[in-house]
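Got the viewer open and a selection tool ready?

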Amino acid sequence: MNVPSYFADAESSLDEAAVVLFGVPYGRTSSFRFGAHLAPLAIRQASWNFETFNFRTGKDLRDIPFHDYGNLEVEEDKPSEMVKKTTAFVTTLLKKEKFPLALGGEHAITPGIVHAFPQDIAVVSIDAHLDFRQQYENEPYNHACVIRRLADHLPIDNIAVLGVRSAEKEEFEEAKQQGLFFIDAFTIHEKGMDYALQRAQRHLKQKKIYLTLDIDGIDPAYAPGTSTPEPFGLTPFDVFACIDSFASRLVGFDVVEVCPPYDNGETALLAAKLIRYIIEHVGAA
Ligand code: MN
Ligand code: MN
């Protein structure tokens, strides 16, 4: 594909930008399909497909200053080192009052980002999986342990997981016992995303929100190119609704688990489109 290597329309310098995109090309803890480390490149390439004008909102991305920093150098790191480096980087962004927008990589990158934030924020995670294991394959920073690691940093009441439909039995019981707030995909299908969002809003009150989108939360019919696909998922419209619902209080965002070797391009396109939608909402127009 003959397109520039940065995210489309990211024409601002770091200083001018309100939103800073960065890639965290990490894929070393994948348990089923490998290749999530290739996602930042694939998503950036896909981003050139779209018009700068958003038909739905009437906004134009050229009016919003945002910067593409490039990738963090973490590919060869142990998970704990990758997390540390990511935290250090995001800390510098937050000091400059930038909105961090990360392109994963696996979900394992998210604790690195969230650990840079104060402990009074809340996290909304869209995911097919609970990700609540204490460790997986002897690794506490595995992608299957993300929510558990977030709960090391934040009060568990500050976390909401939407779209879940897969967990290990012990993991599920542990999450229940600790009072983790989650709404499964079947309930969302039955009662609607608005219902789920109203409940999540009530639970998280008026806290600032970090939104992490594990792309496998969306049904594999829409997002097949992912590491651990799980049928009976959310629709892209559900994710739109979630972004709309929390947009005014968003403080950071990541999209993770896009796996280009298993994609025909549609998953990267969807990720790029959602990123553009986030930028529009949070960037100063
Ligand atoms: Mn996940
Ligand atoms: Mn997942």
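Start with the bridge: select D127, which bridges the manganese ion (ligand 2) and the manganese ion (ligand 1), and you'll find the two ions 3.3 Å apart. Keep in mind as you go that this is a predicted model.

**Stop 1: ligand 2**

Stay on the manganese ion (ligand 2) and bring up its donors. They are D127 (OD), H129 (ND1), D214 (OD), D216 (OD) and D216 (OD), at 2.1 to 2.4 Å. Along the chain, these donors follow the spacing D-x1-H-x84-D-x1-D. Now colour by secondary structure and look at where two of them come from: D127 sits in the loop between β4 (122–126) and α4 (146–153), while D216 sits in the loop between β7 (209–214) and α8 (236–246). That pair links distant parts of the chain, 89 residues apart.

**Stop 2: ligand 1**

Hop across to the manganese ion (ligand 1). Its protein donors are H107 (ND1), D127 (OD), D131 (OD) and D214 (OD), lying 2.1 to 2.2 Å from the ion. Their sequence spacing reads H-x19-D-x3-D-x82-D. Here the pair to pick out is H107, in the loop between β3 and α3 (110–114), and D127, in the loop between β4 and α4; they are 20 residues apart. Both H107 and D127 are buried.

**Stop 3: helix α1**

Next, select residues 39–47, which make up helix α1. This one is mostly covered, with seven of its nine residues buried. Which are the buried residues of α1? Show A39, P40, A42, I43, R44, A46 and S47.

Zoom in on S47, still in helix α1. Is S47 buried or exposed? Its relative accessible area is 0%, so S47 counts as buried. Leaving aside neighbours within four places in sequence, S47 is in contact with Y6, F7, A8, A272 and R276.

**Stop 4: the cysteines**

Last, select the cysteines and look for disulfides: the count comes to zero. Take C145, for instance: the nearest cysteine sulfur belongs to C259, 19 Å away. C145 is buried, at a relative accessible area of 0%. Select C242 as well: with 0% relative accessibility, C242 also counts as buried.

Definitions and conventions. Residues are numbered from 1 along each chain as its sequence is written. Chains are lettered from A and ligands numbered from 1 in the order in which they are written. This is a predicted model: local features need pLDDT of at least 70, side-chain atom pairs count only at pLDDT 80 or more; totals for chains, interfaces and linings use all residues. Side-chain values use heavy atoms; hydrogens and water are left out. Donors are N, O and S atoms within 2.8 Å of the metal (3.2 Å for Na, K and Ca); water is not among the atoms, so sites may look incomplete. Helices (H or I, at least four residues) and strands (E, at least two) are DSSP runs, numbered from the N terminus. A disulfide is a pair of cysteine sulfur atoms within 2.5 Å. Buried means under 20% relative accessible area, exposed over 50%, partly exposed in between (1.4 Å probe, protein chains only). Contact means heavy atoms within 4.5 Å.
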